[in-house]
Amino acid sequence: MTGPIGRFWRRLHIGRNPLARTSDRVEAALLLVVVLGLLVAVPLALFTGSRTYGGQLAVSEQQRTSRHLVTATLLEDAPAPVPATEGAFSTSSTAGVHATWTYNGGEPKTGIVAADPGATAGSTVPVWINEAGDPAPAPISSTDAATTGVLAGIFAWLVAALVLTATYWITRFVLDRRRAARWEAEWATLGDRWARS
């Protein structure tokens with residue numbers, strides 16, 4: 001076996017090589033633990049992502065029972081888009097304007113809602129409100145819950161990979177330092193013998 005895979009296999013599988021030092025065998029064993037750890041981290045990451053997704057769906061359901069979508073009527077014109085630079089307009093897609101809506105069986109409520117820039121007074125916009133009738137963010141969608149679950153699973157696996165990889169490289173650094181010190185001491189001993197002979 002040649003190439004990166006061959007080098008990786010030789011580093012992982014020292015076998016009965018008589019030239020292999022104890023530190024080489026420790027490094028090979030640790031590399032095997034890292035590889036197995038990365039494989040074990042996959043189902044753990046899937047579990048984390050699944051739990052996060054389920055939690056987000058529960059929050060979404062709770063939000064959907066406590067928030068309602070109503071239609072608000074604008075009381076003023078929304079500001080027109082403002083040029084950010086010459087020939088380009090601001091990327092802001094909404095503006096805060098005063099509006100009125102009803103909730104709880106017809107009680108009127110007034111507040112600031114998001115509207116498209118340039119919307120005129122009297123036009124209507126959909127607004128999510130909480131049980132007190134105040135504007136609230138839209139409930140978490142199933143797509144958002146799925147995205148959060150996937151990201152949580154990926155993040156969990158990446159954290160495990162980072163910890164395992166860092167442990168391997170730190171240990172390898174320490175082993176390399178010890179091997180270099182031992183090699184230097186052996187060369188010094190041989191140099192003294194050669195100088196005396």
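These are my notebook entries on what I looked up in the structure above.

**Ground rules.** I am working with a predicted model, in which local features need pLDDT of at least 70 and side-chain atom pairs count only at pLDDT 80 or more, while totals for chains, interfaces and linings use all residues. Residues are numbered from 1 along each chain as its sequence is written, and side-chain values use heavy atoms, with hydrogens and water left out.

**Entry 1, the whole chain.** I began with the secondary structure and found three helices and six strands in the protein chain, taking helices (H or I, at least four residues) and strands (E, at least two) as DSSP runs numbered from the N terminus. Along the sequence their order reads α-α-β-β-β-β-β-β-α. I then looked up burial, where buried means under 20% relative accessible area, exposed means over 50%, and partly exposed lies in between, with a 1.4 Å probe and protein chains only. Of the 197 residues in the protein chain, 24% are buried. The accessible surface of the chain is about 13600 Å², and carbon and sulfur atoms hold 64% of that surface; such areas come from the Shrake-Rupley method with a 1.4 Å probe, and for residues only the protein chains shown count as cover. For contacts (heavy atoms within 4.5 Å), I noted that, among those with a separation of 6 or more, 63% join residues 24 or more positions apart.

From helix H3 I looked up Leu164, which touches Val34, Gly37 and Leu38 when residues up to four places away in sequence are not counted.

A pair of aromatic rings is described by the distance of the centres and the angle of the planes. The rule I used pairs rings of Phe, Tyr and Trp (its six-membered ring) if their centres lie within 6.5 Å, and planes under 30 degrees apart count as stacked, over 60 as edge-to-face and the rest as tilted. The count by this rule is one aromatic pair. Its members are Tyr168 and Trp169, and because their ring centres are 5.4 Å apart and their planes stand at 75 degrees, the pair is edge-to-face. Tyr168 counts as buried at 6% relative accessibility, whereas Trp169, at 47%, is partly exposed.

Asn104 sits in the loop between strand S4 (95-103) and strand S5 (107-115), and its phi is near 50 degrees, which is a positive value in a residue other than glycine. With a relative accessible area of 59%, Asn104 is exposed. Asp116 is in the loop between S5 and strand S6 (124-129), and this residue is exposed too, at 51%. I also noted that the C-alpha atoms of Asp116 and Ala95 are 6.1 Å apart, while the residues are 21 positions apart along the chain.

A pocket is an open set of points on a 1 Å grid over the protein atoms alone, where a 1.4 Å probe fits and protein lies on both sides within 12 Å along at least five of seven lines; lining residues have an atom within 4 Å of a point. The second largest pocket holds about 160 Å³ of space. Which residues line this pocket? They are Arg21, Thr22, Ser23, Arg178, Arg179, Arg182, Trp183 and Glu186. Helix H2 (22-66) and helix H3 (142-196) each give at least two residues to the lining, and the largest share, five residues, comes from H3.

How values were computed:
Grid points are joined across faces, edges and corners, and a volume is the space filled by probe spheres set on the points.
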